[in-house]
There are 2 protein chains.
Amino acid sequence: MIPEKRLRDFTTGVFKAIGCPDADAQLAADVLLAADLRGVDSHGVARLSGYVRLWESGRLNSTPHIRVVHETPTTATVDGDGGLGLVTAPFAMDIAIEKARQYGSGWVAIRNSNHFGIAGYHALKAVEQEMIGYALTNASPLVAPTFSTERLLGTNPICYAFPAGNYPPVVVDMATSAAANGKLEIAERAGKSIPEGWVLDAKGHPTIDATAVKKGGALLPLGSDRDHGSHKGFGLSAIVDILSGVLSGANYGPWVPPFVAYLQPVVNQPGQGIGHFVGAMRVDGFRPAADFKANMDQWIARFKQAKRVDEQQPVIIPGEPEYEAELDRRKNGIPLVEAVQKNLEALASKLGIGQL
Amino acid sequence: MIPEKRLRDFTTGVFKAIGCPDADAQLAADVLLAADLRGVDSHGVARLSGYVRLWESGRLNSTPHIRVVHETPTTATVDGDGGLGLVTAPFAMDIAIEKARQYGSGWVAIRNSNHFGIAGYHALKAVEQEMIGYALTNASPLVAPTFSTERLLGTNPICYAFPAGNYPPVVVDMATSAAANGKLEIAERAGKSIPEGWVLDAKGHPTIDATAVKKGGALLPLGSDRDHGSHKGFGLSAIVDILSGVLSGANYGPWVPPFVAYLQPVVNQPGQGIGHFVGAMRVDGFRPAADFKANMDQWIARFKQAKRVDEQQPVIIPGEPEYEAELDRRKNGIPLVEAVQKNLEALASKLGIGQL
C-alpha cells in the first residue's frame, strides 16, 4: 500500500520533469490520483508512463496556452493547444461552472486535447458546487459500429454526476462499449477466454479469444449484438463522438489520434487532437436544492432496498463502490500491482527523479 | 395505406372530442403522426385509445394550465397540470429553444405530465433552429436494475438530435432497456420465444418466454447481464429518471404512474405525474454552423462506408431509417395493421365522431 501523499508527490514530480508548470503538474496528478483513490486503477498512475511517452514523441505539449476560442453566455469552445486533457478539462469545467453560476447552465466543448483521465473527476467538480456535472470524451478507435468490423469509435465514456443529501453523489461513469479494453488484458494475462459479446475477430465473427482485438478485431458497442441493442451502444458512442469531436473541432471517428505513442495518428485529420465535452447545471435552476437532495436520498434508499436475485448481492448505486474505495484508500493507502510499481521505478530512473 | 392528412384530421378530432382546445389537439396529433410517419408505429395512433382511456379514468386533464414554476436565464421547470405530454413537451421545448437563442443553451425539466410520444419529435424541433436537441422521459416501471428482480425503472428513452449538412439529421432515439416491450408483444402474438437477455422471470431467472413480464417478470437494462454491461443500461436509465423525475418534482422509480388506465398509480407518490427533460444548444455557440455541418457530413459518409460484416447490410446511421420512412409515408400514406384500424373505428363510435 502506497500512502496517497507519496504517490501524489511522485506523480506531480513526473509531470514537472516533463516540463509542466507546478500548478499544472499538481492538477494532472490530482486527476490521476482520483482514479487510483476511487479504485479505477486502469486510469490512474498506471497510465503515467503513457503520458510521458506521448511527450517524448513530441505529441504532448507540456506548456500549452489553453484558451477560449468561441463563446456565448452559456457555451464555449476551448483549444487545449495539444496539452494534457488532465489540465485542459478542469480548465473547461471551471468555465462551465462559472457560466452555470451566472446563467443556470454552462457547456464547454474542448479540442486539441489529449486523454483526460476519468470522466467522473470532471463531473464531480460541478457536484461540489451543488450542480449536476456532465463529462464526455472521445478516444482512439477500438469499437466497431453495428454491422461493421471496422474500428471507428473509441470506448467513448459518458458521465453524469448528481448531488445527493445524506448519501454520496450518484455518479454514472461508463464506457459505451460492452466491455473495457482493460478487461481483455486481464483475461489475456490470466490465459482465460472472454464472454461472447465483447469483441469481434478481424473477419467480424463473434469470438471468445481475449487477444482478438490485438489481432485486428474490434470491441463491440454496449448491447453486443443487434438483437440485444448494440445499435443503442453505437448511438451512445456516436453522441459522445459528435459532442466531443465534431462540435469542438477536434478529430472524430477513425481520425482520433491514438493514446499510445507507438501508433502514429492517421494523416489528413479533419480536426485537432482529441475532444471532450463538459457541462454543469445548477440544481436550484430547477427546484430548491434541499428538495432535490431529499428526493435523491429517497431514490437511492429505494433502489438499495430493491428485491434481490441473489440475497448476498444488493443493487449497486452508481458511484457507490468508487466512493467507498476512496474512503478506504485515503486512509489505508493505494495498492499498486507489481507491474505498475516496476513501471514507475523505470520512469523515475529515466527522468532522473527520486523513486516512489 | 391511409393518407397522412386523413389520419391527422381523424387524430385531431379525437383529441378535440375529449375536450382539448383546437391548437392542443392539432399539436398532439402532430406528435403522434410524427411517430407513424417515421415508422415508429408503436408510439403513434396505436396509442390513441390509451390516451382516451386515461382521460376517461380522470387521470388526464384535457384543458391544462401549463406554466413555468421556476426559472433562470437558461433553465426552467414546467408544470404540465396533468395534461398531455404531447402538448407539454413542445411547450417546454419552445422555452428551451428561446433560451438557447438568447444565451446559447436552454434546459427545461417537466413535471405533472403524461406520455410525450416519441422523444425524437421534441429533439428535432431544436434541429430546425440549427440547434442540438435533447429529450428524455421517464415512464412506468417495467425494468429491473442489475442484481434485482423488481421493476423500478421505465424503458426511459434518451434522444439527441444533431443537424447535418447534405445528409438528414443524426437522431439517436433509444430506450435504455435491452428490448422494447412492444417486441415482446410481437413475439407473443406470433407464438414465438424471445432471445435470452431481454427479460427475467418473476424469480429473477433469465427466460425466453415472451409472456414473462406479464407474469411478474421484468425487462432487462441495455447490456442484459452484468458481464455484458447491464449496470451501464441501469446507469443510463437512472440518469433519465433523475433528470426527468427527481429534478422536475415529478415521480420517479417505482412511483411513476402507469400509462395504462387499468393500473392504478401507487399511493404516497413523492412527486406529480411523470417527468420529462428537454434541452437545446446552438451549434454556433461552439463553432460556425457551416463548419459543424461539413464535419457532420464527413462523419456520416465515413460511417456509411464502414467495412461490412455482411456485404448486404451497411452500417445504419441513427435516424436514417426513420427519415426514409417519413419520405415514403408522406407520399404513399401510412400503413395501419388491422388491430389498430379496428381500435380507431371503435374509438370513433364511442366518441361519436366521423370514422377514419
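How many residues of chain B are in contact with chain A, and how many of chain A with chain B? I put this to the structure before anything else, keeping in mind that the model is predicted.

**Entry 1. The interface of chains A and B**

I found 90 residues of chain B in contact with 89 residues of chain A. I then looked up the area buried between the two chains, which is about 7,400 Å². Carbon and sulfur atoms give 67% of that area. I noted that F147(B), K232(B) and F286(B) supply 10% of the area that chain B buries against chain A, more than any other three residues.

The rule finds 2 salt bridges between chain B and chain A. I examined the one formed by R302(B) with E150(A), where the closest N and O atoms are 2.5 Å apart.

Which elements of chain B give two or more residues to the side that touches chain A? I listed the strands β2 (75–79), β3 (105–113), β4 (131–137), β5 (158–162), β6 (170–174) and β10 (274–282), together with the helices α7 (230–246) and α8 (289–304). The largest share, 11 residues, comes from α7(B). By class, I read 51 nonpolar, 27 polar and 12 charged residues on this side of chain B.

**Entry 2. Helix α7 of chain B**

I checked the length of α7(B) against expectation. At 1.5 Å a residue, its 17 residues should span 24 Å, and I found its end C-alpha atoms 22 Å apart, which agrees. I then asked why α7(B) can be called largely enclosed by the rest of the structure. The reason I noted is that 16 of its 17 residues are buried, buried meaning a relative accessible area under 20%.

**Entry 3. Helix α2 of chain B**

I looked up α2(B), residues 22–37, and found that its 16 residues reach 22 Å from the first C-alpha to the last, close to the 22 Å expected. Its buried residues include D24(B), A25(B), A28(B), L32(B), D36(B) and L37(B). I traced what the buried residues of α2(B) pack against: α1 (4–17), α3, α4 (85–103), α5 (119–127) and α9 (320–332) of chain B. After α2(B) comes G39(B), for which I recorded a positive phi, near 85°.

**Entry 4. S49 of chain B**

I placed S49(B) in helix α3, residues 48–56 of chain B. Is S49(B) buried or exposed? I found S49(B) to be buried, with a relative accessible area of 7%. Its side chain makes a polar contact with the side chain of N343(B), at 3.0 Å. Leaving aside neighbours within four places in sequence, I found S49(B) in contact with N343(B) and L347(B).

I recorded a positive phi of about 60° for E130(B), although E130(B) is not a glycine. I located E130(B) in the loop between α5 and β4 of chain B. E130(B) counts as partly exposed, at 34% relative accessibility.

I also looked up N268(B), a residue other than glycine with a positive phi, near 55°. N268(B) lies in the loop between α7 and β10 of chain B. I noted that N268(B) is exposed, with a relative accessible area of 71%.

Notes. Residues numbered from 1 in each chain as written. Chains lettered and ligands numbered in written order. Predicted model: local features only at pLDDT ≥ 70, side-chain atom pairs only at ≥ 80, totals over all residues. Heavy atoms only, no water. Contact = heavy atoms within 4.5 Å. Buried area = accessible area lost by both parts, 1.4 Å probe. Salt bridge = Lys/Arg side-chain N within 4 Å of Asp/Glu carboxyl O. Helix = DSSP H or I, 4+ residues; strand = E, 2+ residues; numbered from the N terminus. Nonpolar A, V, L, I, M, F, W, Y, C, P; charged D, E, K, R; others polar. Expected span 1.5 Å × (residues − 1). Buried < 20%, exposed > 50% of the residue type's maximum accessible area, 1.4 Å probe, protein only. Polar contact = N/O pair within 3.5 Å; in protein donor to acceptor, adjacent residues only side chain to side chain.
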